[in-house]
Structure formats: C-alpha cells, structure tokens
Amino acid sequence: MIDPRLVAVKKKLSLIKRILVFSSAKGGVGKSICAAVSALSLSQAGFRTGLLDMDFQGASAHIFLGTELCFPEESRGIKPFRIKERLDFMSFAPFSREHPVPLRGNDVTQAMIELLAITVWDELDFLVVDMPPGIGDEVLDILRFMNRAEFIVITTPSGVVIRVVERLLEMLRNLEVPVVGIIENMKTNESPYRTNSCGERNLSNSYMAKRFQMKLLGSIPFIPDMDELVGRPDALLCSILGLTIKKIMSAITRQRGNSCKSFLGGVNG
Ligand SMILES: Nc1ncnc2c1ncn2[C@@H]1O[C@H](COP(=O)(O)OP(=O)(O)O)[C@@H](O)[C@H]1O
Ligand SMILES: [Mg+2]
C-alpha cells in the first residue's frame with residue numbers, strides 16, 4: 001500500500017519551481033549559514049522563497065536568522081513562519097524546542113515525511129533546503145521525496161573535508177543527481193598546494209570540481225568575527241559572505257532563465 005503521506009508530500013512540493021539542497025558530507029563547513037543567507041538573498045531579490053531546515057538533530061538555520069520559533073499555526077496542515085517579505089521558513093526546531101531528539105534510522109525518516117507532508121508552502125520560486133551532514137539516510141530520503149532536487153555542495157579548503165566531500169560528489173554522480181555546483185567556504189589566504197599522503201592527488205577544491213566536471217560557484221573567505229553576525233540577517237547579507245552568496249544566487253537564477261529585477265541591477269543588485 002502506498003503511504004498516503006507521500007502523495008501529500010508530492011502535492012505540497014508541486015507548487016515549488018526549484019528546490020536547492022545545500023549538502024556536504026561534512027559537518028561544520030557552513031551548510032546552514034550558506035542556505036540561510038541564500039534564502040535571504042533570493043527573497044530580497046524578489047523571488048518567493050522557502051527555507052526548510054532538514055537537520056533534525058542540529059537545526060540551526062533559525063539561529064543564523066535570529067528567529068524565535070513558537071509553535072506553528074495550523075490551517076489544514078502547518079503554516080511556515082513568515083520571517084521576511086517573500087521568505088517563509090520551516091524547521092524541526094519548534095517541535096523539539098531545542099531539546100535533543102534521540103531518534104534513529106526509520107524514525108528520522110518518518111519525522112521527515114511528516115514534516116514534508118504537513119507543511120503548507122505557498123507557490124514558491126525556490127525552496128532552499130538545509131541538510132544535516134553526511135551521505136546516509138537523510139540525503140537518500142531527500143532524493144526519494146524531492147526528485148527535482150538540485151544539489152549545492154559546501155566544502156572548505158581543508159584536505160580532510162575535500163576527501164570526504166569527494167565521496168558525496170561521487171554518490172551524486174553515480175545517482176545522476178543534478179549538482180548546481182560547489183561552494184568553497186572559509187577560504188584563507190594560505191591555500192597551499194596539497195596532496196594526499198602518497199603525494200599523488202591534488203587536494204584543492206578547484207581540482208575536485210574539475211575532476212567531477214562540476215562548477216566551482218564561488219569562494220567565501222573565512223570571517224574571523226563571524227559570531228558577531230549570527231542572528232543578524234541584514235548584517236549577514238552585507239558581509240563578504242552575503243555579497244558572495246548574492247553573486248552565486250544571481251548566476252544560478254540566470255542559468256535557468258528565472259528573471260529578477262534586483263539581481264539584474266535593481267535596488268539590491
Ligand atoms: N566563512 C566563514 N567564516 C567564519 N566562520 C564561519 C564561516 N562560515 C561558517 N562559519 C561558522 O562555522 C560554524 C559552522 O557553520 P554551519 O553553517 O552551522 O555549518 P554546518 O551547517 O555545515 O554544520 C558556525 O559557527 C558558523 O558561524
Ligand atoms: Mg547545519
């Protein structure tokens with residue numbers, strides 16, 4: 001028997017034009033901040049945007065956005081939070097209330113299905129999805145529930161991160177999942193030419209992008225006083241991270257012909 005919730009998920013997501021999934025095989029690389037600022041930037045540019053924090057255990061997009069989450073309003077499902085003009089937001093955080101949720105395996109999948117099935121998004125130009133780290137259940141589930149998902153992979157210049165992110169890229173390539181490109185975060189001035197321990201492999205993000213024939217969408221510098229920007233969406237948008245993300249989003253929207261006044265040189269351009 002078909003799970004009726006999966007039919008509901010399909011219907012709910014049918015009003016969304018593009019789904020951008022921010023993912024990485026590693027934690028702590030900037031998935032959440034890049035997803036949150038990308039959603040802010042798209043909405044500021046005039047696109048109707050949703051931001052969905054799919055990190056069940058580590059929900060944090062609302063922290064970057066400085067949003068206090070009460071219990072969502074119910075109206076034939078639950079309504080996402082309107083956090084800015086043209087920006088709606090949903091997360092597990094209002095349900096777990098920042099407490100740990102010791103679920104595993106299929107229970108996490110069930111919680112994801114539930115959240116997707118009951119959240120009533122308006123018509124959206126973009127849904128930005130902030131993923132938990134890893135290439136296990138959650139990524140496979142997202143591919144199952146959102147078959148139109150386009151991935152944006154977040155990496156850093158760390159050789160360790162690159163070696164782990166390569167596994168995600170390999171999996172996405174094998175599964176023929178569309179990858180919009182790679183964002184390199186926390187770049188510093190010293191980006192030495194690095195090889196693996198046998199000296200046989202170039203461990204840089206530009207080389208990785210070339211190897212997988214994927215686009216390196218941009219590099220975001222390491223920002224030493226980042227904590228001061230957390231919870232301040234307008235300050236985040238004006239930071240070098242925000243400006244870089246704005247450029248990346250502008251290129252992404254132009255790729256597929258989404259038109260947008262402000263990205264094309266208007267007030268926020
Ligand atoms: N460019 C950057 N410069 C400095 N700190 C950053 C940068 N990007 C992210 N951070 C910090 O790194 C930490 C992890 O970021 P987060 O977005 O939560 O990563 P993830 O979602 O991949 O686990 C946060 O404390 C965040 O403020
Ligand atoms: Mg995160």
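Trainee: What makes up the largest nonpolar core of this structure, and which residues have the most contacts inside it?

Mentor: In this predicted model, the largest nonpolar core has 71 residues, and V21, F22, A36 and V129 have the most contacts inside it. Helix α2 gives the most to this core, with 8 residues. In general, nonpolar side chains tend to be buried together in soluble globular proteins.

Trainee: Which residues does A36 touch, leaving aside those up to four places away in sequence?

Mentor: A36 touches L51, A61, F64, L65 and D130. Each of these pairs counts as a contact because the C-beta atoms lie within 7 Å.

Trainee: Why is I183 called buried?

Mentor: A residue is buried if 20 or more other C-beta atoms lie within 10 Å of its own. I183 has 27 such neighbours, and therefore counts as buried. I183 lies in strand β7 and touches C34, I152, I154, L217, G218, I220 and I248, not counting residues up to four places away in sequence.

Trainee: What is said of phi in R86 and in E176?

Mentor: Phi of R86 is near 65°, and phi of E176 is near 55°. Both values are positive in residues other than glycine. Most residues other than glycine have a negative phi. R86 lies in the loop between β3 and β4, and E176 in the loop between α7 and β7.

Trainee: How is the packing of α5 and α6 described?

Mentor: Two packed helices are described by the angle between their axes and the distance between the axes. For α5 (residues 106-118) and α6 (residues 137-145), the angle is about 35° and the axes are 10 Å apart. The crossing is right-handed. V108, T109, M112 and L116 in α5 meet D137, D141 and F145 in α6. By class, this contact has 4 nonpolar, 1 polar and 2 charged residues.

Trainee: Which residues come nearest to ligand 1, and which element gives the most to the shell around it?

Mentor: Of the 17 residues around ligand 1, G30, K31, S32, I33 and M226 come nearest. The elements that give two or more residues to this shell are α2 and β7, and α2 gives the most, with 3 residues. The shell divides into 9 nonpolar, 7 polar and 1 charged.

Key
Residues are numbered from 1 along each chain as its sequence is written. Chains are lettered from A and ligands numbered from 1 in the order in which they are written. This is a predicted model: local features need pLDDT of at least 70, side-chain atom pairs count only at pLDDT 80 or more; totals for chains, interfaces and linings use all residues. A residue is near a molecule or strand if its C-beta atom, placed from the backbone, lies within 6 Å of it. Helices (H or I, at least four residues) and strands (E, at least two) are DSSP runs, numbered from the N terminus. Ala, Val, Leu, Ile, Met, Phe, Trp, Tyr, Cys and Pro count as nonpolar, Asp, Glu, Lys and Arg as charged, and the others, Gly among them, as polar. A nonpolar core is a set of buried Ala, Val, Leu, Ile, Met, Phe, Trp, Tyr and Cys residues joined through C-beta atoms within 7 Å. A residue is buried if 20 or more other C-beta atoms lie within 10 Å of its own, exposed if 12 or fewer, and partly exposed in between; C-beta atoms are placed from the backbone. Two residues are in contact if their C-beta atoms, placed from the backbone, lie within 7 Å. Axes are lines fitted to C-alpha atoms, for helices over the stretch in contact, and angles run from 0 to 180 degrees between N-to-C directions. A crossing is left-handed if the near helix is turned anticlockwise from the far one by less than a right angle, and right-handed if clockwise.
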